[in-house]
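Good morning, and thank you for making time for this item. I would ask you to look at the sequence and the structure together while I speak.

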Amino acid sequence: MTNDEHPMTEIHFCYRHPTVETNLRCKKCGRYICSKCARRTPTGYICPDCLREQEDRFYTGTNTDYIIAAVIALPLSLVTGGVFTFLIGGFGWFAWLIAFFLSPIVAGFIAEVVRRAVNRRRSRYLAHTVAGSLVLGVAPFLILMLLAGNFFGLIVPGILLFLGTGTIMARLR
Ligand SMILES: [Zn+2]
Ligand SMILES: [Zn+2]
């Protein structure tokens, strides 16, 4: 190996950025990577390709899981959106408190139902699919309130959307 014979004169470049000098190497494939490309793991630096490969092994879900997730999460989100907008939204200012309290619980429940339905398989975009379903389920009620000029009525479904998507993204990571 010439690398070992002349360690001082050897200049290495990131394999993804041929003009960027670097001394970092991927611990898996050994290629040189710049600090921008390198991803830190508990055992050392790793290149994006190897990281992707590692993640693919981690994600055990199939494409069908996305359909299952949407089919379950969409109607649940629609019902939740309706209940929040018309039932809870009718409680006046107190509705905001209820919405703050209930949104993470309901969203967590939807996430859990989906997780069980896909047999706890992990997928890269499962959380995005469920969070997107919540957005689609609540959007009609937001539009309805907007069209009715009821801006006050936007707050409760808005809280549901904001806290709900956050909960889902955290739960299904
Ligand atoms: Zn690598
Ligand atoms: Zn690079």
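Is R120 buried or exposed? R120 counts as exposed, because it has 9 C-beta neighbours inside 10 Å. On this scale a residue is buried if 20 or more other C-beta atoms lie within 10 Å of its own, exposed if 12 or fewer, and partly exposed in between, with C-beta atoms placed from the backbone.

A word on the source. This is a predicted model, in which local features need pLDDT of at least 70 and side-chain atom pairs count only at pLDDT 80 or more, whereas totals for chains, interfaces and linings use all residues. Residues are numbered from 1 along each chain as its sequence is written, and chains are lettered from A and ligands numbered from 1 in the order in which they are written.

Let me stay with R120, which sits in the loop between α4 and α5. Helices here are DSSP runs of H or I with at least four residues, strands are runs of E with at least two, and both are numbered from the N terminus. R120 is not a glycine, yet its phi is positive, at about 60 degrees. N119 is found in the loop between α4 (94–117) and α5 (126–147) as well. Its phi is near 55 degrees, again a positive value in a residue other than glycine. For context, most residues other than glycine have a negative phi. N119 counts as exposed, since it has 10 C-beta neighbours inside 10 Å.

I turn to the overall division. An automatic or database domain assignment divides the chain into domain 1 (2–57) and domain 2 (59–171). The C-alpha centres of these two domains lie 41 Å apart.

Next, C50, which lies in helix α2 (residues 48–58). C50 is partly exposed, because 19 other C-beta atoms lie within 10 Å. Leaving aside residues up to four places away in sequence, C50 touches C26, K28 and C29; contact requires C-beta atoms, placed from the backbone, within 7 Å. R40 is ten residues from C50 in sequence, and their C-alpha atoms are 12 Å apart in space.

Now the helix packing. Two packed helices are described by the angle between their axes and the distance between the axes. The axes are lines fitted to C-alpha atoms over the stretch in contact, and angles run from 0 to 180 degrees between N-to-C directions. Helix α3 (residues 63–87) packs with helix α6 (residues 155–171) at about 140 degrees, their axes 8 Å apart. α3 and α6 are therefore oblique to each other: under 35 degrees is roughly parallel, over 145 roughly antiparallel, 65 to 115 roughly perpendicular, and the rest oblique. In this contact, T80, G81, F84 and T85 of α3 meet V156, P157 and L160 of α6. Those residues comprise four nonpolar, three polar and no charged.

α6 also packs with α4, at an angle of about 35 degrees and with the axes 8 Å apart. Among the residues that meet are W96, F100 and I110 in α4, and I159, L163 and R171 in α6.

Finally, which residues does G153 touch, not counting residues up to four places away in sequence? They are T85, G89 and M145. G153 is found in the loop between α5 and α6, and it is buried, because 20 other C-beta atoms lie within 10 Å. G153 and G89 are 64 residues apart along the chain, while their C-alpha atoms are separated by 6.6 Å.

Terms used: Contact = placed C-beta atoms within 7 Å. Nonpolar A, V, L, I, M, F, W, Y, C, P; charged D, E, K, R; others polar.
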